[in-house]
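Keep the sequence and the coordinates side by side.

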Amino acid sequence: TFSGTPRSNETGSSESTRTFARDAIAGLTHHPKQLPPKYFYDAAGSELFEQITRLPEYYPTRTELGILRDRSAEIASIIPEHAALVEFGAGAPTKARLLLAACEFAAYVPVDISGDFLNAQARGLRKEFPHLEIHPVTADFTAPFHLPDQVAAMPKVGFFPGSTLGNFEPHEANRFLRGARDILGKGAYMLIGVDLEKNERRMYEAYNDAAGVTARFNLNMLARVNRELGGNFDLAAFAHRAIYNRERHRIEMHLVSKKPQTARLHGHSFAFRAGESIHTESSYKYSIERFNALAKGSGWTPVAAWTDPERMFSVHALVC
Ligand code: AVJ
C-alpha cells in the first residue's frame, strides 16, 4: 500500500497536515472533484485496509502471497545473490519476509514516509534475520531518494508488491518505473505485483464487498478531512460507489453526494449536485502484455512473469 502505516496527525499544524489541506482543496476544486488515494491511510484507514485484505471478495493480497510462496525458488534463481532488496512503500513486511527467507539477500532497504513504523518493523525483522543488514529509508518513494551508502556496492532488487502500481495513472506508472531505474542503477532487477484484468463481476465484488468494509474505507477519506482539517462533510450524505471502467481498464472508487449540499473546508465552500461524485481512487488492471509494454517503455526488460492458476494476479521480474 502507499503506507500500510498508521500515521494520523490530528494537530492541524504540521507540514504533512498543510500538504493534506492543500491537496484536498485542490482536488475538491478540480472538475470532476477528486481526492488522492494516498490519503486513505491514516491509522483508521490502514486498519480498514488490513480488514479488506482478509475479505473473501478481495483476492489480490492472498493471491500475490500465494504466487510469491509457490515461486520463491524460481525467483531466487533469477535474481543475483547477496543483493539489497529495496521495497518501495514498505508496509507490514509480510511479502518481503517470503523473499528474504527464500533468497540470499545481503540487505533489506524498506522505503516509506512513515519512519516510526519502518523502524518498529525493522526491529522485528532483525530478530528473524540476524545476518541481514536492514537500512530503513524514510522517504516518499514516488520522488527521487538516495540509497544508503552501505548498499552502494551490492546488486539491487527493487520490490513493489500489492498492485500499488495500479493506483498510478499510466504516465505516473511510467515515471515511477523510470525513477526506480535511476535510483537502483544499471543492472538492477525489479519485482512488481500487478492485478490482472479478469471477469468484471470478480473485480466489481472485490471493491463492493458484502460486509461494507470497502465503503467504510472510502468514507474514511472524508472522515479524515473532517478530523484533521476541520471540514464539515456530512458523511451520511455520501455513498460509496465502485465501478469498472472497461475503456480505461480500471476500477474507480467514488463518493457520491446523495443530495444537493455544500461542505466547507478552510474558508472554501464546495457545492455538490445530487449524484455528483468525488473520485477517490483508480485501481488499474493490466494484462501481462500491457504491463510488459509499460515496462519496456520505461527502460526495463521483462525477464519473467508468474501468475496463479486462475490468472488473477501476476508478479513480474524486470531487469534494466
Ligand atoms: C492498495 C491500491 C492495491 O487498488 O486494490 C482496496 C487499495 N482500494 N480496496 C487496490 C484498495 C479499495 C488497493 N491497493
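The model is predicted.

Start with His266. It lies in the loop between strand 9 (261-265) and strand 10 (268-272). His266 has 11 C-beta neighbours inside 10 Å, so it counts as exposed. Its phi is positive, about 50 degrees, although the residue is not a glycine.

Now turn to His82. This residue is found in the loop between helix 4 (72-78) and strand 1 (84-88). His82 has a positive phi too, of about 55 degrees, and is not a glycine either. With 12 C-beta neighbours inside 10 Å, His82 also counts as exposed, because the class takes in 12 or fewer.

What do such backbone values stand against? Most residues other than glycine have a negative phi, and most peptide bonds are trans. Pro32 is found between helix 1 and helix 2 (43-53). A cis peptide bond joins His31 to Pro32. Its omega is about -5 degrees.

The helices on either side of this loop come next. Begin with helix 1 (residues 15-29) and helix 9 (residues 213-229). How are they set against each other, and how far apart are their axes? The packing angle is about 130 degrees, and the axes are 11 Å apart. Helix 1 and helix 9 are therefore oblique to each other. Helix 1 passes helix 9 in a left-handed crossing. On the helix 1 side, the contact uses Thr17, Phe20, Ala21 and Ala24. Helix 9 meets them with Val225, Glu228 and Leu229. By class, that contact has five nonpolar residues, one polar and one charged.

Helix 2 also packs on helix 9. Here the angle is about 160 degrees, with the axes 9 Å apart. An angle over 145 degrees counts as roughly antiparallel, so helix 2 is roughly antiparallel to helix 9. This crossing is left-handed as well. Helix 2 brings Ala44, Gly45, Leu48, Phe49, Gln51 and Ile52 to the contact. Helix 9 brings Val213, Thr214, Arg216, Phe217 and Asn220. The classes here are six nonpolar, four polar and one charged.

Finish on helix 9 itself. Val225, Glu228 and Leu229 meet helix 1, while Val213, Thr214, Arg216, Phe217 and Asn220 meet helix 2.

Terms used
Residues are numbered from 1 along each chain as its sequence is written. This is a predicted model: local features need pLDDT of at least 70, side-chain atom pairs count only at pLDDT 80 or more; totals for chains, interfaces and linings use all residues. Axes are lines fitted to C-alpha atoms, for helices over the stretch in contact, and angles run from 0 to 180 degrees between N-to-C directions. Helices (H or I, at least four residues) and strands (E, at least two) are DSSP runs, numbered from the N terminus. Angles under 35 degrees count as roughly parallel, over 145 as roughly antiparallel, 65 to 115 as roughly perpendicular and the rest as oblique. A crossing is left-handed if the near helix is turned anticlockwise from the far one by less than a right angle, and right-handed if clockwise. Two residues are in contact if their C-beta atoms, placed from the backbone, lie within 7 Å. Ala, Val, Leu, Ile, Met, Phe, Trp, Tyr, Cys and Pro count as nonpolar, Asp, Glu, Lys and Arg as charged, and the others, Gly among them, as polar. A residue is buried if 20 or more other C-beta atoms lie within 10 Å of its own, exposed if 12 or fewer, and partly exposed in between; C-beta atoms are placed from the backbone.
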